[in-house]
Amino acid sequence: KLLRESDLRMRLGDIACPTQFIFGARDLLAPAEIAEELKRLMPTARCNVIEGAGHAPFVSHAAQFIESVGASLRD
């Protein structure tokens with residue numbers, strides 16, 4: 001019920017720390033298409049999409065996930 005009724009997207013701009021969103025291209029729960037909306041709401045955030053991954057890219061595509069996080073930390 002909480003997830004269905006809460007919409008905190010407008011609060012994303014309040015986040016001041018570096019933020020990275022990593023999506024799986026085949027994720028049906030949190031579709032990668034929302035990356036565009038996130039970039040609009042939080043222009044400083046980094047959004048990455050891992051091709052072929054579903055909702056848990058850190059499990060199914062661990063190497064790509066780790067590389068994405070590492071690249072973010074190096075920047």
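This is a short tour of selections in a predicted model. Residues are numbered from 1 along each chain as its sequence is written, and side-chain values use heavy atoms, without hydrogens or water. Local features need pLDDT of at least 70 and side-chain atom pairs pLDDT 80 or more, while totals for chains, interfaces and linings use all residues.

Start with glutamine 20, in strand S1 (residues 20-24); strands are DSSP E runs of at least two residues, helices H or I runs of at least four, both numbered from the N terminus. Glutamine 20 is partly exposed at 23% relative accessibility (buried is under 20%, exposed over 50%, partly exposed in between; 1.4 Å probe, protein chains only).

The glutamine 20 side chain makes a polar contact of 2.7 Å with that of asparagine 48 and one of 2.9 Å with that of serine 68. A polar contact is a pair of N or O atoms within 3.5 Å; within protein, one must be able to donate a hydrogen and the other to accept it, and residues adjacent in sequence count only if both atoms are side-chain atoms. Glutamine 20 and serine 68 are 48 residues apart in sequence, with their C-alpha atoms 9.2 Å apart.

Next, select phenylalanine 21 and phenylalanine 23. Their ring centres are 6.5 Å apart and their planes at 20°, so the pair is stacked (Phe, Tyr and Trp rings, the six-membered one for Trp, pair with centres within 6.5 Å; planes under 30 degrees apart are stacked, over 60 edge-to-face, the rest tilted). Phenylalanine 23 is buried, at 6% relative accessible area.

Finish at phenylalanine 58 and phenylalanine 65, an edge-to-face pair with 6.0 Å between centres and 70° between planes.
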